[in-house]
Amino acid sequence: MNIACYVRVSTKQQTAENQLPAIQSYCQMKGWPEPVIYAENESGFLVGHQRELARLLREIRTGRRHYDYLVILALDRLTRGPVGSVMQLINSFEQQGCKVLSVKESWLADAGPIRDLFTLIIGW
């Protein structure tokens, strides 16, 4: 099983490493191996500035890497873009066989229309 995690902070006063203990604990609780970490200090509002997220998607799409799960601390760490952008990102990962899981939003693990509705509400 291959696990990735994505951590992001948006200000210089924050550190992405603060998110790692909760994500690592989550993975340990599931009995998973240590995740490969993708981290950046960029605003989720700025299009094109999330270089590590773009690299992660590119590696999955090109087959360079395969991950069964992408673990994030919370959906707002994935992006702060327009409402549909969260769903678009989740769908992009899932189309490549990588399920997105959130430490704080456990309902994200559920498939179906309720998950999609909650994701859109939280993303709003």
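Q: Which strands does helix H1 lie across, and how does H1 run relative to E1?
A: Helix H1 (residues 20-30) lies across E1, E2, E3 and E4, running at about 160° to E1. Angles run from 0 to 180 degrees between N-to-C directions, with axes as lines fitted to C-alpha atoms, for helices over the stretch in contact. Contact means heavy atoms within 4.5 Å. Helices (H or I, at least four residues) and strands (E, at least two) are DSSP runs, numbered from the N terminus. This is a predicted model, where local features need pLDDT of at least 70, side-chain atom pairs count only at pLDDT 80 or more, and totals for chains, interfaces and linings use all residues. Residues are numbered from 1 along each chain as its sequence is written, and side-chain values use heavy atoms, with hydrogens and water left out.

Q: What does helix H2 touch?
A: H2 (residues 51-61) packs on the sheet, touching E1, E2 and E3, and its direction makes about 150° with that of E2.

Q: What makes E2 and E4 the edge strands?
A: The open sheet has four strands in the order E2-E1-E3-E4, with parallel pairing. Strand E2 (36-41) and strand E4 (99-102) each pair on one side only.

Q: How do you know that E1 and E3 pair?
A: Pairing takes at least two DSSP bridges between two strands. Three bridges join E1 (residues 3-9) to E3 (residues 69-72).

Q: Why is Phe93 called buried?
A: Buried means under 20% relative accessible area, exposed over 50%, and partly exposed in between (1.4 Å probe, protein chains only). Phe93 comes in at 0%, so buried it is. Phe93 sits in helix H4 (residues 83-95), and its contacts beyond four places in sequence include Leu53, Leu56 and Ile60.

Q: Why is Tyr69 called partly exposed?
A: Tyr69 has a relative accessible area of 22%, so it falls in the in-between class. Trp32, at 14%, counts as buried.
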